[in-house]
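The following exercises are to be worked with the sequence and the coordinates open side by side. Each task is followed by a solution in steps.

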Amino acid sequence: MSDSRRLSSLTEKCLSGSVLSDTEALSLADVVDTGLLCRASAELRDRGFQNVMTYSPKVFIPLTKLCRDVCHYCTFAKTPRHLAQAYMSVDEVLESCRKAEALGCKEALFTLGEKPELRYRAARQALADLGFDTTLDYLAHVASRVLAETSLLPHINAGCMTAAEIDKLRAVSASMGIMLESAAERLCQEGMPHYGSPDKLPATRLATIERAGEARVPFTSGILIGIGETRRERIEALLLLRESHARHEHLQEIIVQPFRAKPDTKMAAYAEPALDDLLWTIAVARLIFGPEMSIQAPPNLSPTALGQLVDAGINDWGGVSPLTPDFVNPEAPWPHIERLSRETNAAGKCLQERLTIYPRYALRPERWLDEKLHRRILAAIDSSGYPRNDDWVAGESCEPPLAVARQLIADREAHREVDQEPNRDTAGVSDDIVDIVSRGALGVSLSNEEITRLFAARGGDFGYVCSKADELRAQVNGDAVTYVVNRNINYTNICYFKCQFCAFSKGKLSENLRGKPYDLDTGEIARRSREAWTRGATEVCMQGGIHPHYTGRTYLDILQQVKSAVPEMHVHAFSPLEVWQGAKTLGISTKEFLVELKRAGLGSLPGTAAEILDDGVRARICPDKLNSSDWLAVIETAHAVGLKTTATMMFGHVDTPAHWARHLIEIRELQRRTGGFTEFVPLPFVALEAPIYLKGRARRGPSFREAVLVHAVARIVLHGLIDNIQASWVKLGTGGVAICLQAGVNDVGGTLMNESITRAAGAQHGQEWPAEQIESAIRKLGRTSMQRTTLYATASIERNQAARQAEPLARVVNTKPRRPERKAYREPLVRSLAE
């Protein structure tokens, strides 16, 4: 069989999700057509990583250059007489780390010689002077100081280790590594590169790799090519690594590193591997490990062939330092990040920072990290496990990141030019993204995988998704930006549910959270409603905690008070949880209770309490709340009795883009059945005071890129079904809303007058966004404003004038809890996800 036919068959097997057998992998040693291999490898790589190429901004810490091994190609290791000091001091390490921190680095790479105290008395004496018995004891101490005193995450390359040594270092690092280099024992024989280096025995190094897997350490390994091994021996080494990874799933990346000859070594005259040989090996590694494994080639060792490395199937450049040299290959300077970005873009990829711990490991800290590192990692990452690269946090009073705003505007203009020239290529945009967006714009129901892919958009893909979402907005809504003058009335913050994201509710276990418990009396509710009407409101939005004294009758009484005080006021009230609880306390069906609420004056329901419609996520953030099917059932019943609702999604905590995709599909399919949703409202998780974040069990909300992208993707997924996509100014701030209005959003929600729930979670964007200020912000974007009603009719001129002439709000009175006339429901209702 020809190389072409055989390779095509093997590639199809890989693309189908199967793994090459050892025999099939070894047969690749006979394939001589590197171009064929690279094309197959690149196709596999794109299946797993799309257009993303990663790198880790790092500082290189050579803690000691003393080493008991004598590799014949190495200039890193020195003897004591060639070193001024045996070990870097803690202060020297911290000084380097702080400089690197200021330059944006996130990784402290500790590289050191193998246990030099076993060979050199000078090393033993230096360790004794420092107060340590072994090099690894000192390393553990230094890494702990870096963790405690900087934001950098240690990655440790400490050579061969025992299980106890790995456990000690796991507590102070985010990842570790050791290069297998080769599985050929003959390279350790006399006259070969590893002769005299006991730690280079393949079995010894493989034992360390195996122990790391048993200890659940995110681990790096790889091979060094061009030191005398054959191509078959390279494949044998890769297969041994794959075998260990199959047992433990711990290998984050496989490095394919070419040998580089160095002066003053025994291999100074040894021929370096040709570029074709490096490309061949990269492609074979990809075919052996498949689309999900990160394959890395150091850019500084092949500086003139970066595009070819990408074409061969790598997806990662490794660590790149803006501060320190590559001490192992000092003759090969790191490329500047700007150049690396340009070359990556030229190869059709987007350069993306990563942490030393790869995304899929960072997203599962409970499995892969020491408990002390969980909070640190979760606070540093976005929903895909990549680092957050800006200071924006949902709810905080900070402006949107300029980089995202500029990229969005530039990409929107670029894609408008493309549309004006149909034959012009959409440079920098992935083909699958163009296809998915085009199908969404035609009203095709996108799959979970396709929607998840849209959420992964970065670089040019991100700008394209946002610009196309905004085109759909213009097609459906024109240039009008709508808002409603309303008032939030949260009638109680007492709640017996234990949602882990909520800092608003007060109960026996939440005394330390913001605010004191209150329970508004009906007179205060009526007063706030009347005041809202005089200030131009057309709606009161009412929700509260699930008070143990409340029954369905309570909600009916609240409605009666509002409608008696202001008959014209639209009442938008009661989450599906409150409806469910009210029906249960009255012993009637949800439908019967909704009919009673509608008869009493309820105009529509807020689609809150949806959070994420995935019961696995809900089990972590709101285990005693309605499950997904219950929430959907209440909403569908509301639509059936003629009550419109909104739909929401709270994102950026323990969820992932796959969860967002499933949530959108649930909303889309329900809307297809009922047509009862008026709008979709993404709600970025405000983490600052949320219990689950304070306990170190959640991320700190979405990144700004994610916040914008969720609005844009929602516009595409729900196109033709839900016309209105709303941005929450209390979560995003007015600057964030302005960006989202250029990414598919057409509505900015309500003026609110009072806002308690998000502020309790730490938000700082105030309690009211007055109508005049909203309209001014909209005008600055070149758009037209329209005051609307809850159901998206145009508000009357009289209401608009009243809003513009509104007097300052009177001081609110949060009535202390006292409901002696209301007996607590005998058995407080808690909805188990297991029911």
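**Exercise 1. Pairing around strand S14**

Task: In this predicted model, determine in which sense S14 and strand S15 (residues 644-651) pair, and over how many bridges.

Solution. 
Step 1. S14 and S15 are joined by 2 bridges, and the pairing is parallel.

**Exercise 2. A second open sheet**

Task: Describe the open sheet of 3 strands and explain why one side of each edge strand is left without a neighbour.

Solution. 
Step 1. The strands follow the order S17-S10-S18, with parallel pairing.
Step 2. Strand S17 (747-750) and strand S18 (784-788) each have a single partner strand, so one side of each lacks a neighbour in the sheet.
Step 3. On average, neighbouring strands of this sheet are turned by 20° against each other, with direction ignored.
Step 4. The pairing of strand S10 (residues 480-484) with S18 is parallel and comprises 5 bridges. Within this pair, Val-481 has Ser-785 of S18 as its bridge partner.

**Exercise 3. Packing of two helices**

Solution. 
Step 1. Two packed helices are described by the angle between their axes and by the distance between those axes.
Step 2. The crossing of H25 and H26 is right-handed.
Step 3. On the H25 side, the contact is made by Trp-631, Leu-632, Ile-635, Glu-636 and His-639. On the H26 side, the contributing residues are Glu-666, Ile-667, Leu-670, Arg-673 and Thr-674.

**Exercise 4. The surroundings of Asp-614**

Task: Locate Asp-614, decide whether Asp-614 is buried or exposed, and find which backbone nitrogens lie by its side chain.

Solution. 
Step 1. Asp-614 is placed in the loop between strand S14 (602-605) and helix H24 (615-621).
Step 2. Its relative accessibility is 14%. Buried means under 20%, so Asp-614 counts as buried.
Step 3. A polar atom of the Asp-614 side chain lies 2.9 Å from the backbone nitrogen of Gly-616. For the backbone nitrogen of Val-617, the corresponding distance is 3.0 Å.
Step 4. When residues up to four places away in sequence are not counted, Asp-614 touches Ser-628, His-659 and Arg-662.

**Exercise 5. The surroundings of Ala-158**

Task: Determine where Ala-158 lies and which residues are in contact with Ala-158, leaving aside neighbours within four places in sequence.

Solution. 
Step 1. Ala-158 belongs to the loop between strand S3 (153-157) and helix H7 (163-170).
Step 2. With a relative accessible area of 1%, Ala-158 is buried.
Step 3. The contacts of Ala-158 are Leu-112, Glu-114, Leu-136, Leu-139, Leu-169 and Gly-177.

**Exercise 6. Positive phi values**

Task: Compare the setting of Glu-181 with that of Arg-216, and state the phi value of each.

Solution. 
Step 1. Most residues other than glycine have a negative phi.
Step 2. Glu-181 has a positive phi, near 70°. Glu-181 is found in the loop between strand S4 (175-177) and helix H8 (202-214), and counts as buried at 11% relative accessibility.
Step 3. Arg-216 also has a positive phi, near 60°. Arg-216 lies in the loop between H8 and strand S5 (219-225), and counts as partly exposed at 39% relative accessibility.

Note on methods: Residues numbered from 1 in each chain as written. Predicted model: local features only at pLDDT ≥ 70, side-chain atom pairs only at ≥ 80, totals over all residues. Heavy atoms only, no water. Helix = DSSP H or I, 4+ residues; strand = E, 2+ residues; numbered from the N terminus. Buried < 20%, exposed > 50% of the residue type's maximum accessible area, 1.4 Å probe, protein only. Polar contact = N/O pair within 3.5 Å; in protein donor to acceptor, adjacent residues only side chain to side chain. Contact = heavy atoms within 4.5 Å. Pairing = 2+ DSSP bridges. Axes fitted to C-alpha atoms, helices over the stretch in contact; angles between N-to-C directions. Left-handed = near helix turned anticlockwise from the far one by under 90°.
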